[in-house]
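Here is a short report on one protein model. Keep the sequence and the 3D view open while reading.

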Amino acid sequence: MKVSNLLLYVLVCLGLALGVWNLFSEREEIVYVDTAKLFQKYSEAVKVNKKLEEETKKYEGNIDTLMQEIQTALKNYELSGSKLDAAGRAKQERLITEKQSDLQRYQSAVKEKLEKQRQQEFSGVVNTINGFLKEYGKRKGYRMILIANPAGTIAYAKEGTDITDDIIEELNKKSNP
């Protein structure tokens, strides 16, 4: 009877030891991804940024042209202002005011259009990243993947918990096979 109690005791201790070892051997780490770095180095995000920069430059050229037209109209008004009668001055002033209004409307429309385009273009990139992070986290056995952004949502992280470079590498491999 004594041997069986001892055997039972050893089996219970062994079971507890295996349970504790199993509990701590799982890789339920909490890691994070730096979104600023991710959006600078993920090839699909880089493509979207480049496309948006080109669109912005195109609109900036149009804005510059409108501003030059206003400056030309102002110079003409200054040069010919004393030679014009009241009706002529009023006409020139209306022309300048109309051009300034056109510029303001155009700038507002461009800003709104670029913002919508930015949201549309990046929604696909963000969806791809989010889907990948879920799959990656499950595959690697992480408890949680946090997102660090430029606003500083993570004040401190132990070295080795930033998985951004691994994420960028795998995402870029997937998008450029």
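The report below goes from the overall fold to two residues.

## Basis

This is a predicted model: local features need pLDDT of at least 70, side-chain atom pairs count only at pLDDT 80 or more, and totals for chains, interfaces and linings use all residues. Residues are numbered from 1 along each chain as its sequence is written, and side-chain values use heavy atoms, with hydrogens and water left out.

## Overall fold

The protein has 5 helices and 2 strands. Their order from the N terminus is α-β-α-α-α-β-α. Helices (H or I, at least four residues) and strands (E, at least two) are DSSP runs, numbered from the N terminus.

Of the 177 residues, 22% are buried. The accessible surface is about 13100 Å², by the Shrake-Rupley method with a 1.4 Å probe. Carbon and sulfur atoms account for 56% of that surface.

Contact means heavy atoms within 4.5 Å. Among contacts between residues at least 6 apart in sequence, 82% join residues at least 24 apart.

## Thr 35

Thr 35 lies in helix α2, residues 35-41. Thr 35 counts as buried because its relative accessibility is 16%. Buried means under 20% relative accessible area, exposed over 50%, partly exposed in between (1.4 Å probe, protein chains only).

Neighbours within four places in sequence aside, Thr 35 touches Ile 147, Ala 148, Asn 149 and Pro 150.

## Leu 146

Leu 146 sits in strand β2, residues 144-148. Its relative accessibility is 34%, so Leu 146 counts as partly exposed.
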